[in-house]
Amino acid sequence: MHKKSLPAILLVIFSLFVVAGTGKIYPEKAKLSSVENANLKQGADAYKNGDWTTAIFFLRKVVSDSSSPAATDENYFMLIKSEIYAGEYRQAQNDCEQFLNKFKTSPYGEYVQYQNGRLLHLLSRNEDAVLSLSDFCHEHSDSELYPLALFWIAESFYDEYNFESARGLYERVVSDFPGCEKAPQAQYKLDLIERRAREEKLLYLLKVIGEENLSTREEYERQLRIYALEDEKGIKKSLIEAEARIQELEELLEGGEQPAITEPEPEEENKNGTESQAEAKKEEPKTSESKQEEPKSSGVSKPASPNTQIIQSVTEPSLRVKQNENGSGTSAAKTQTDSNSKDNELRALKRKARQLKYILDDQEKKSTDSQSNGGK
């Protein structure tokens with residue numbers, strides 16, 4: 001009986017020592033109130049189950065009182081991770097700074113410092129992120145988080161368009177830490193930087209060429225405007241001249257104006273011709289007698305030469321009649337021809353005036369359309 005009770009006695013004694021030791025190791029747990037214990041338990045359970053909103057709610061209650069024994073670095077750490085997982089970066093970054101101020105020697109300090117720099121980058125505070133992560137790299141060069149810190153520094157430079165600085169850090173992550181989880185993403189960013197460099201060169205060339213083309217195009221359009229203006233002025237001038245000529249021809253045709261006939265009337269010319277023939281007949285005997293008397297004085301007779309004056313006097317009236325008849329016919333035909341030519345010219349001018357008006361109207365319409373499109 002005594003031998004059987006000895007192991008039971010030893011077990012009881014060991015249990016007492018365990019209880020006493022637990023109280024010495026975690027003395028603050030014994031000091032927690034029932035409310036704090038309940039909040040801590042619910043927050044820890046929610047954190048374990050991935051219910052980040054609930055975990056944040058209860059853990060925030062636990063660490064809200066800095067004098068409370070429940071405001072430990074472990075509870076702060078759980079709160080920060082819950083906020084990061086929930087996407088509440090601003091609140092998480094504020095809690096990281098409070099953690100680093102309160103728990104400088106905490107074993108979680110290295111991770112919290114890294115997360116503080118990463119959260120600054122996610123909040124677009126890239127300059128502060130570079131400073132914080134650079135301090136982390138100097139203080140924890142042997143940490144497994146070191147290549148991740150380099151990557152986030154490179155990301156901060158990349159977002160600020162400092163591609164050369166980012167390129168060097170990306171290359172370092174890829175070459176020195178090929179097993180890092182961010183190495184493939186760093187290689188992708190290197191490809192983007194290289195592609196961007198080529199695109200920038202191409203854009204620069206296109207810009208230079210575009211500026212030259214733009215100046216050439218502007219000069220071309222300016223010359224077109226000048227030519228169009230000059231052409232419009234010339235068309236208007238031609239239209240004005242055509243309208244003036246049309247009015248002049250219409251007035252001439254309406255007034256029935258005919259060209260003046262300067263030749264004498266045929267009857268008067270025939271009368272004059274008859275009188276000249278009579279005078280020629282009267283003078284003819286005298287001239288013949290005088291010519292016949294001359295041989296008597298010399299004693300030598302000559303045959304009388306044919307009288308050309310008579311032939312001329314006989315034939316001349318008929319020629320004049322023909323000339324008068326032809327002249328009167330020619331003047332009438334000429335008058336008719338002038339009238340027809342004026343009609344033809346009038347029709348041609350009217351057709352030309354219609355064409356010129358159509359061209360001017362078309363140019364005005366195009367100018368109005370271009371101005372309305374330019375206004376839009």
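Here are some questions and answers on why a few helices and one lysine in this predicted model get the labels they do.

Residues are numbered from 1 along each chain as its sequence is written, and side-chain values use heavy atoms, with hydrogens and water left out. Since the model is predicted, local features need pLDDT of at least 70 and side-chain atom pairs pLDDT 80 or more, while totals for chains, interfaces and linings use all residues.

Q: Why is H7 called roughly antiparallel to H8?
A: The axes of H7 (residues 109–122) and H8 (residues 126–139) cross at roughly 155 degrees and come within 7 Å. Angles over 145 degrees count as roughly antiparallel, so H7 is roughly antiparallel to H8. The axes here are lines fitted to C-alpha atoms over the stretch in contact, with angles from 0 to 180 degrees between N-to-C directions.

Q: What makes up the contact of H7 with H8, by residue class?
A: On the H7 side, Tyr114, Gly117 and Leu120 are among the residues that meet H8, whose partners include Ala129, Leu133 and Phe136; contact means heavy atoms within 4.5 Å. The residues divide into five nonpolar, six polar and five charged. Gly counts as polar in this scheme, and Tyr as nonpolar.

Q: Why is H8 called roughly antiparallel to H9?
A: Axes of H8 and H9 (residues 146–159) come within 9 Å and cross at roughly 160 degrees. That angle makes H8 roughly antiparallel to H9. The contact, with Val130 and Cys137 of H8 and Leu150 and Trp152 of H9 among its residues, divides into eleven nonpolar, three polar and one charged.

Q: How do you know that the end-to-end distance of H5 agrees with its number of residues?
A: The expected span is 1.5 Å times one less than the number of residues. For the 14 residues of H5 (residues 73–86) that gives 20 Å, and the end C-alpha atoms are 20 Å apart, so the two agree.

Q: What makes H5 mostly covered?
A: Eleven of its 14 residues are buried, meaning under 20% relative accessible area with a 1.4 Å probe, protein chains only. Among them are Tyr76, Phe77 and Lys81. The buried residues pack against H3 (34–49), H4 (52–63), H6 (89–102) and H7.

Q: Why is Lys189 called buried?
A: Lys189 has a relative accessible area of 11%, so it counts as buried. Lys189 sits in H11 (residues 183–255) and touches Glu155, Tyr158 and Tyr170, not counting residues up to four places away in sequence. Lys189 and Tyr170 are 19 residues apart in sequence and 7.5 Å apart in space, C-alpha to C-alpha.

Key
Helices (H or I, at least four residues) and strands (E, at least two) are DSSP runs, numbered from the N terminus. Angles under 35 degrees count as roughly parallel, over 145 as roughly antiparallel, 65 to 115 as roughly perpendicular and the rest as oblique. Buried means under 20% relative accessible area, exposed over 50%, partly exposed in between (1.4 Å probe, protein chains only).
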